Amino acid sequence: MLPELPSRLLLIDDHRLFNDGLKSLLNEQPDLVVCGQVFQASEVIPTIHLTSPHMVLLDVNLQGTNGIDLGKTIVGNYPGVRVLMLTMYNQPKLLDEARRAGLHGYLLKDASSIDLLRTIRTVLAGHTYFDSSLTDPVSLANDPFGDDFARRLNLTFREVEIIALIREGLSNEQIAGRIHLSIETVKTHRKNIHFKLGINKVTDLIQFAIRHSI
């Protein structure tokens, strides 16, 4: 009897260091193998077609592309492929969007290696996994991606992320290094943030972040 072949995983994340580190971890597992790495949205569908993965691990934000919408497209075009969101966005609203989009799991990037591997194997086995710690009523009430917040302010995932880093006191250069963007892209995001919020001073932006628990 031939041994069972390992499950094929496609990694979709524009943070190259994270992508490479995840590849190393997964390739150490006898039942898993990384069949490809994708760093930009335009390459996702062609790579899935070429590599025929059993699962894709996908971030919420891929160079400005909405990963949840991309995951929905993958599920629609490749119903046999499992889609697990692996992201830094600790937001109940996004988890709920991923669930409603028909994706198969949502896990934070700060999960332990043991939890990550357990979740991957759970989803590969045909189950779903959505982190219960992100679905409690208190978290939902304080979620900065809630419907009213998003409707009134129209902030993107990346803009909220940058606001949080500004609140931490990071400079443009430090923010660029933290989230792997160019300094010019960070400056553009900051201009958009100030325009949308009608805020001109950094101190006012920090106060805004504190008020909205960003």
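**View 1. Val 44 lies in helix 2.** The model is predicted, so local features are limited to pLDDT of at least 70 and side-chain atom pairs to pLDDT 80 or more, while totals for chains, interfaces and linings take in all residues. Numbering starts from 1 along each chain as its sequence is written, and side-chain values use heavy atoms, without hydrogens or water. Helices (H or I, at least four residues) and strands (E, at least two) are DSSP runs, numbered from the N terminus. Val 44 counts as buried because its relative accessibility is 0%; buried means under 20% relative accessible area, exposed over 50% and partly exposed in between, with a 1.4 Å probe and protein chains only. Residues up to four places away in sequence aside, Val 44 touches Ile 12, Val 38, Leu 62, Leu 70 and Ile 74, where contact means heavy atoms within 4.5 Å. The C-alpha atoms of Val 44 and Val 56 are 9.6 Å apart in space, and the two residues are twelve apart in sequence.

**View 2. Thr 47 is another residue placed in helix 2.** Thr 47 has 17% relative accessibility and therefore counts as buried. With residues up to four places away in sequence left out, the contacts of Thr 47 are Leu 10, Val 38 and Ser 52.

**View 3. Helix 2 packs against helix 3 at an angle of about 35°.** The two axes are 11 Å apart; axes are lines fitted to C-alpha atoms, for helices over the stretch in contact, and angles run from 0 to 180 degrees between N-to-C directions. From helix 2, Val 44, Ile 45 and Ile 48 meet Leu 70, Thr 73 and Ile 74 of helix 3. Sorted by class, this contact holds five nonpolar residues, one polar and no charged; Ala, Val, Leu, Ile, Met, Phe, Trp, Tyr, Cys and Pro count as nonpolar, Asp, Glu, Lys and Arg as charged, and the others, Gly among them, as polar.

**View 4. The largest nonpolar core has 26 residues.** Such a core is a set of buried Ala, Val, Leu, Ile, Met, Phe, Trp, Tyr and Cys residues joined through side-chain atoms within 4.5 Å. The members that touch the most others are Ile 12, Val 44, Val 56, Ile 74, Met 85, Leu 103 and Tyr 106. At least two core residues come from each of strand 1 (7–12), helix 2 (44–51), strand 3 (55–58), helix 3 (67–77), strand 6 (82–87), helix 4 (92–100) and strand 7 (105–108). Helix 3 gives the largest share, four residues. Beyond its neighbours within four places in sequence, Leu 103 contacts Ile 68, Gly 71, Lys 72, Val 75, Val 83, Met 85, Ala 98 and Phe 130.

**View 5. Helix 8 is largely enclosed by the rest of the structure, because nine of its eleven residues are buried.** Those buried residues are Phe 157, Arg 158, Glu 159, Val 160, Glu 161, Ile 162, Ile 163, Leu 165 and Ile 166. Their cover includes strand 4 (61–62), strand 5 (65–66), helix 4, helix 9, helix 10 and helix 11. After helix 8 comes Gly 169, with a positive phi near 95°.

**View 6. Helix 8 (residues 157–167) crosses helix 9 (residues 172–179) at roughly 125°.** Their axes come within 10 Å. This angle makes helix 8 oblique to helix 9; angles under 35 degrees count as roughly parallel, over 145 as roughly antiparallel, 65 to 115 as roughly perpendicular and the rest as oblique. Arg 158, Glu 161, Ile 162, Leu 165 and Ile 166 of helix 8 meet Ile 175, Arg 178 and Ile 179 of helix 9. By class, the contact comprises five nonpolar residues, three charged and no polar.

**View 7. Helix 8 also packs with helix 11, at an angle of about 110° and with the axes 9 Å apart.** The two helices are therefore roughly perpendicular to each other. Ile 163, Ile 166 and Arg 167 of helix 8 meet Val 202, Leu 205, Ile 206, Phe 208, Ala 209 and Ile 210 of helix 11.

**View 8. Ile 199 sits in the loop between helix 10 (183–197) and helix 11 (202–211).** At 11% relative accessibility, Ile 199 counts as buried. Apart from neighbours within four places in sequence, Ile 199 is in contact with His 194, Asp 204, Leu 205 and Phe 208.
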